[in-house]
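Work through the exercises below with the sequence and the model open. Each task is followed by a solution in steps.

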Amino acid sequence: MFSNGFPTIRGWIASWCCLAALLAGGEEALWSKLDLGRPELAAVKVAHDQGDSAGAAAALLAYFRARQTPKWYTASPPAPVLKPGETDASAEKILRREYTFVGKSATLTQDLDWNANPLKDAEWPIELNRHYTWIRLVNAYNATGNPAYAQDFLAQLQDWCADNPRPASSRQGRFTWRTLECGIRLSGSWPHCFFGMLNSPELTPELFCLMLNAMEEQADYLTKFHGGGNWLVTETSGLMACAVLFPEFADAPRWRQICFDRLAKEIDNQVPPDGAQVELTPHYHMVTLNSFLSATRIAEFNNVPVPENVKAGIHRMGRYLMDVSKPDLHIPMFNDSDDGIIVGSVRSLATAEDPELQWVLSRGKEGTAPPYTSVALPYAGQYAMRSGWDERALYLAMDAGPYGAGHQHEDKLQISVSAYGRGLLFDPGRFTYAGGPWRSYFIGTQSHNTMLVDGRGQSRGRSPRQRWIGHRAQDNLWLTNDVFDFAAGSYAEGYGGSGDGLVHVRKVFFKRGEYWLVHDLLVGPADPVATHVAEIHYQFGMTGITAEEDGAAILSHNPDANLALLPVSAQPYTVQLHEGEEKPPKGWVAWSMHKALKAAATMAVVRQEAALPIRVDTLLLPYAGAERPAVRIRRLPEDAPGLSALEITGPGWRDVYHCSHSPEGGSRIDWVRYDDKGHELASAVHGWVPDQATPALAAVPARTGVNVTVPGAGRLVLDYGYSVGGGYVFHGEQDAQAGENRLPVPSILPGQSYAYAVQFVGEDGKAGQCQGTYVPVEPAVADFQDGEMGDWSHAAIAVEEGNKFLRAKGEATTGAVYMGINHPLHGKFGEAPMVFRYRMPLADGGDWCYGKISLTDSQKRRWSAYVADKPAATWQKVTVQRTSFRRDDGKEGAGATLPEDAVLTALSFTIRKGKTQTAVAPILDLDDVALGDGR
């Protein structure tokens with residue numbers, strides 16, 4: 001539509017037609033969206049009532065130019081004075097249509113194609129449609145007075161509005177009307193440009209009305225369509241900006257209420273007590289925090305009160321960033337994160353109201369030092385071990401938590417290490433969202449500081465979605481005291497998508513202020529013949545790493561700060577170094593996705609092939625300067641598969657350390673330091689060793705707990721882990737009363753074999769203990785009596801107080817809706833039938849309504865049985881045999897009966913509500929579900 005950045009004659013005609021349609025009236029006209037009954041819009045109303053649309057537009061622009069409140073953060077500048085000869089380099093590039101997004105540059109035609117994707121990276125047109133480039137044009141115009149910049153901004157505005165009318169569905173307008181981009185535009189680029197151009201003579205009343213109407217359309221769009229997670233908060237921040245900045249819109253009060261309702265709900269849904277946003281990605285934690293802050297800041301800036309729970313949740317989010325941040329205040333790059341710094345996100349929270357955050361952010365110049373250094377974030381399952389809060393502190397963070405609600409990597413048990421002012425071991429970051437080998441590399445296990453098994457990586461993405469989020473605090477073993485910190489975690493969900501029963505257990509011991517010991521164990525079902533290959537990755541943040549010939553030491557070589565890795569094992573191992581390899585990728589750290597910035601960096605791989613159990617103990621020794629200290633590690637004679645017994649020696653001292661990895665060995669962890677004459681200098685111990693003389697307790701394991709009978713009131717301690725090895729990696733404690741007590745064991749997976757040990761200490765001094773093993777299975781009947789949804793999952797599941805059944809409920813709509821809920825399966829159908837009760841209490845099922853059950857097998861085939869063809873307001877009982885299920889995936893073999901030998905992996909219940917005259921909410925209630933043969 002445009003040539004050389006300015007409208008052509010044809011373009012002006014098209015634009016005027018667009019504006020004429022906007023101002024002419026009708027249901028979607030701007031005037032119908034304004035509250036013309038407001039006294040301050042009296043002149044606008046008079047002109048409108050007289051049919052003078054041009055006069056109404058002029059009056060509206062005059063009103064906004066004189067209006068003092070509500071306010072944007074910067075006052076609208078006066079019309080700028082032209083500064084002849086002065087240009088802005090960034091704006092000149094935009095005039096030439098030269099753009100750089102996500103680190104990739106391309107030149108577009110003057111007639112912009114807003115869906116252009118010249119570099120085949122979806123993030124490129126997404127960035128184009130966030131309109132940050134418009135901010136550059138407006139800023140350049142106000143700085144130089146050059147009308148070309150203002151005219152190009154207005155030309156692009158007209159072009160975007162003309163080319164991208166509001167779609168009827170959120171599935172349209174992939175790049176231009178994605179709800180996330182609407183939220184970003186409305187909370188930043190569009191109001192900045194709107195108020196930045198308000199007094200410009202280049203802004204005609206018609207163009208002013210065009211922009212105002214386009215903002216209203218986007219705001220209304222966000223009330224009807226929205227995403228979830230960080231998207232929803234960003235969308236809400238954009239809607240809030242419109243609601244607060246433009247009370248002249250008739251719907252502004254409704255928008256504001258929608259915003260506050262969403263913010264209050266999402267701060268509780270997305271931010272658990274430890275403050276870690278549920279995507280468990282520090283970068284998107286900051287994005288979400290900034291969106292919450294954006295929404296509340298524009299409200300408070302204009303004296304609109306914000307709900308207290310929203311402010312409290314924002315504060316939790318800020319504290320999380322403080323707790324997890326590295327000594328240089330950068331985030332660990334867990335999941336889809338860049339190498340970001342927390343300062344901008346938490347600066348507004350670092351006030352006298354939080355003196356600890358203030359102290360950390362000001363480097364001790366203000367506030368009060370936190371009373372702790374190391375910290376567990378139990379819902380996130382992330383653990384930060386640090387020697388202090390100064391820039392030179394020793395720091396290790398381990399991610400042993402859930403997969404996360406979004407932006408996940410297959411990287412459980414990843415660690416990140418900094419010391420003496422330098423980052424040493426890094427999570428490799430994200431680099432790109434464009435599909436291909438680089439994306440696969442950076443999200444896969446192969447790029448992270450964890451373990452590959454038999455060349456295969458983790459596969460949590462295949463697990464049920466309800467396991468992705470930490471709905472309760474993780475019970476990974478975590479210890480902290482004046483001498484040491486200790487964290488344990490495990491990955492037990494199979495490698496390469498297989499249910500192989502292999503488990504990676506990682507335990508980290510931090511001798512405060514000195515070194516870490518990392519225990520990596522690969523355990524699983526006993527097989528005297530089979531061997532496995534364990535590859536333990538350590539991704540450094542620099543090149544030039546070397547390994548001694550025998551692999552006994554892996555060393556960095558920086559002038560200021562370094563890390564030595566000293567592995568020891570009962571079995572032979574090798575060390576391989578990879579650096580900047582491309583086919584396939586290996587040895588890279590991605591510092592920024594938006595700049596497409598990655599750099600070669602050495603990855604050290606400790607590789608061992610052996611029969612299970614495999615164990616490698618590694619000393620991580622940080623040191624200042626270039627000279628490596630004379631510190632050594634060796635295995636002690638009592639070292640065994642179930643016990644790490646290690647000696648660490650340095651100048652003038654010797655440490656003796658034990659850590660049990662066997663359920664039979666209890667939960668023992670002990671450390672003793674001696675001087676060079678053998679005198680004990682310090683010691684610390686945790687845990688216990690089974691004592692046959694202690695009275696036995698009666699215990700009965702269940703799927704989600706252990707029921708223990710005790711003789712009186714007291715304290716119960718539960719340790720549990722994998723019966724095949726690894727020792728007790730989970731821990732819980734609770735008060736007990738006489739009789740039966742239930743100890744929850746939330747960190748379990750069906751099919752794994754677990755060992756548990758319970759200790760009891762009574763108020764009267766009596767003691768007791770018990771140990772056992774069990775294999776949890778899926779419940780034979782899901783009756784939902786305890787209000788827990790178990791392994792049933794879907795975004796539509798509604799937890800309603802008082803319900804003792806499972807309810808899935810969607811939003812009321814007139815359109816056709818498919819809604820389902822899912823459950824994992826393990827095994828074959830068996831001979832027993834599937835029995836369940838259901839309700840579909842729809843007032844009207846519409847033109848086509850049904851309910852069906854579907855099974856997915858290990859070959860990805862789908863088998864379905866239809867059980868309803870109309871709504872059912874009362875409970876219906878259904879019994880379904882294996883032969884009721886028919887092939888239902890549209891592929892070869894359609895209609896065939898479910899085979900007896902099919903290995904099932906998933907179950908889903910699905911209903912279809914058809915098109916209806918009035919809005920109807922799809923609802924599915926389930927109860928008393930027996931899955932046949934106890935599955």
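Accessible areas here come from the Shrake-Rupley method with a 1.4 Å probe. The model is predicted.

**Exercise 1. Overall dimensions**

Task: Find the accessible surface of the protein chain and the share that belongs to carbon and sulfur atoms, then decide whether the radius of gyration agrees with that of a compact globule.

Solution:
- The accessible surface comes to about 37,100 Å², and carbon and sulfur atoms hold 52% of that surface.
- For 935 residues, a compact globule would have a radius of gyration near 30 Å; the protein chain has 31 Å, so the two agree.
- The C-alpha trace spans about 100 × 75 × 60 Å along its principal axes.
- In secondary structure, the protein chain has 17 helices and 47 strands.
- Buried residues account for 56% of the 935 residues.
- Of the contacts between residues at least 6 apart in sequence, 68% join residues at least 24 apart.

**Exercise 2. Helix H4**

Task: Check the span of helix H4 (residues 53-66) against 1.5 Å a residue, and list what covers its buried residues.

Solution:
- The expected span is 1.5 Å times one less than the number of residues.
- For the 14 residues of H4 this gives 20 Å, and the end C-alpha atoms are 20 Å apart, so the span agrees.
- The buried residues of H4 are Ala56, Ala57, Ala59, Leu60, Leu61, Tyr63 and Phe64.
- An α-helix has 3.6 residues a turn, so residues three or four places apart point the same way.
- The cover over the buried residues of H4 includes helix H2 (30-33), helix H3 (42-49), helix H9 (179-196) and helix H10 (205-224).

**Exercise 3. Nonpolar cores**

Task: In the largest nonpolar core, identify the residues that touch the most other members and the element that gives the most to this core.

Solution:
- The largest nonpolar core has 112 residues, and those touching the most other members are Trp31, Leu60, Phe194, Phe208, Leu212 and Phe246.
- H10 gives the most to this core, with 11 residues.
- Leaving out residues up to four places away in sequence, Phe194 touches Phe64, Phe208, Met211, Leu212, Met215 and Phe246.
- A second, separate core has 53 residues, including Val483, Val503, Phe509 and Val758.
- In soluble globular proteins, nonpolar side chains tend to be buried together.

**Exercise 4. Lys511**

Task: Is Lys511 buried or exposed, and which residues does Lys511 touch?

Solution:
- Lys511 lies in strand S13 (residues 503-511).
- Buried means under 20% relative accessible area; Lys511 has 9% relative accessibility and therefore counts as buried.
- Not counting residues up to four places away in sequence, Lys511 touches Val483, Trp671 and Arg673.
- Lys511 and Leu198 are 313 residues apart along the chain, and their C-alpha atoms are separated by 61 Å.

**Exercise 5. Salt bridges**

Task: For the pairs Arg130 with Glu181 and Asp336 with Arg439, state the N to O distance, then place each residue.

Solution:
- The structure holds 48 salt bridges.
- Arg130 and Glu181 meet through their side chains at 2.8 Å, N to O.
- Arg130 is in the loop between helix H6 (123-128) and helix H7 (132-144), while Glu181 is in helix H9, 51 residues apart.
- Arg130 and Glu181 are both buried.
- The side chains of Asp336 and Arg439 form a salt bridge at 2.9 Å, N to O.
- Asp336 sits in the loop between helix H14 (308-324) and helix H15 (343-346) and Arg439 in helix H17 (residues 437-443), so this pair ties together parts 103 residues apart in sequence.
- Asp336 counts as buried at 1% relative accessibility, and Arg439 is buried with a relative accessible area of 16%.
- A network of salt bridges links Arg166, Asp220, Lys224, Asp251 and Arg254.

**Exercise 6. Backbone geometry**

Task: Locate the cis peptide bond from Thr69 to Pro70 and the one from Leu612 to Pro613, then describe Asn303, which has a positive phi.

Solution:
- The bond from Thr69 to Pro70 is cis, with omega near -10°, and Pro70 lies in the loop between H4 and helix H5 (89-95).
- The bond from Leu612 to Pro613 is cis, with omega near -5°, and Pro613 lies in the loop between strand S24 (602-610) and strand S25 (614-624).
- Asn303 is not a glycine, yet its phi is positive, about 60°.
- Asn303 is in the loop between helix H13 (282-301) and H14, and it is exposed, with a relative accessible area of 71%.

Key
Residues numbered from 1 in each chain as written. Predicted model: local features only at pLDDT ≥ 70, side-chain atom pairs only at ≥ 80, totals over all residues. Heavy atoms only, no water. Helix = DSSP H or I, 4+ residues; strand = E, 2+ residues; numbered from the N terminus. Buried < 20%, exposed > 50% of the residue type's maximum accessible area, 1.4 Å probe, protein only. Contact = heavy atoms within 4.5 Å. Core = buried A, V, L, I, M, F, W, Y, C linked by side-chain atoms within 4.5 Å. Rg over C-alpha atoms; globule rule 2.2 N^0.38 Å. Salt bridge = Lys/Arg side-chain N within 4 Å of Asp/Glu carboxyl O.
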